[in-house]
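I opened this notebook page to record what I looked up in one structure. The entries follow the order in which I checked the features.

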Amino acid sequence: MSISFYSVASKPDNESDREKAIARTGILAEPHQEKFHSILDCVRGALHARAAAITIVYQDSTYLVSALGFDAGIYKRSSSLCAHTILSPDSLTVVPDTAADERFAGNPYVDTIEGIRFYIAAPLLDENGAALGALCAFDQKAREVVTEEDRAMLWELKIKAEAIVNSIRGDGEEIRKETLVAPTGVSEAER
């Protein structure tokens with residue numbers, strides 16, 4: 001029997017600037033789930049994925065501000081797959097089998113019967129290029145192939161999602177975790 005330990009994503013060098021950019025958008029200050037549903041529907045349908053989400057990686061949490069096929073809410077950054085995506089703001093993160101990837105094998109969202117086995121994500125950038133989070137899709141079945149058409153489609157939809165994120169403007173107030181509803185079906189320890 002082998003034991004797997006996933007790697008926690010490091011924080012980007014521009015973490016302070018990222019956090020300020022997220023606060024400026026105001027995206028975490030109030031629910032925005034409905035604004036992204038058409039994009040998430042397209043992603044799920046095109047990729048035949050169980051779930052798709054818009055995430056924002058902020059401080060020690062990953063906020064699923066909109067999700068289809070998975071509960072929106074607040075999760076631990078330390079187990080977030082999207083925390084890895086923001087480290088590569090110019091490219092997609094494509095993981096055909098998370099259980100075979102050293103970054104994710106052993107992750108609590110991977111190592112369950114219904115766990116995430118396929119993951120694909122595009123970083124969501126603000127107008128200044130700071131990676132705020134991701135547009136992602138995942139499924140409980142690993143994939144062998146992700147086509148160039150699928151990659152292009154995800155990149156195109158990421159641009160549309162960025163336009164929505166960048167159209168939301170807050171007043172720069174500090175973000176409060178209690179403004180989002182915690183996900184159902186996930187224990188406090190798993191978040």
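**Basis.** I worked from a predicted model, in which local features need pLDDT of at least 70, side-chain atom pairs count only at pLDDT 80 or more, and totals for chains, interfaces and linings use all residues. Residues are numbered from 1 along each chain as its sequence is written, and side-chain values use heavy atoms, with hydrogens and water left out.

**Sheet.** I took helices (H or I, at least four residues) and strands (E, at least two) as DSSP runs numbered from the N terminus. I found an open sheet of six strands in the order β3-β2-β1-β6-β5-β4, with antiparallel pairing; two strands pair if DSSP finds at least two bridges between them. β3 (73-76) and β4 (93-95) are the edge strands, each pairing on one side only. From one strand to the next, the twist averages 25°. I then looked at β1 and β6, which pair in the antiparallel sense over six bridges. T55 stands opposite A134 in β6.

**Helices on the sheet.** Contact here means heavy atoms within 4.5 Å. Axes are lines fitted to C-alpha atoms, for helices over the stretch in contact, and angles run from 0 to 180 degrees between N-to-C directions. I noted that α2 packs on the sheet, touching β1, β2, β5 and β6, and that its direction makes about 75° with that of β2. α4 also packs on the sheet, touching β1, β4, β5 and β6, and its direction makes about 40° with that of β5.

**Helix α2.** I recorded a bend of about 35° at I39, the bend being the angle between axes fitted to the seven residues ending there and the seven starting there. Buried means under 20% relative accessible area, exposed over 50%, and partly exposed in between (1.4 Å probe, protein chains only). The buried residues of α2 are F36, H37, I39, L40, V43 and L47. After α2 comes H48, with a positive phi near 50°.

**Helix α4.** Residues 148-167 form this helix of 20 residues. I list its buried residues as D150, M153, L154, L157, K158, A161, E162, V165 and N166. Their cover includes α1 (15-25) and α2 (33-47).

**Cysteines.** How many disulfides are there? I counted zero, a disulfide being a pair of cysteine sulfur atoms within 2.5 Å. C136 is in no disulfide, and the nearest cysteine sulfur, that of C82, is 3.7 Å away. C136 counts as buried at 2% relative accessibility, whereas C42 is partly exposed at 43%.

Notes:
Expected span 1.5 Å × (residues − 1).
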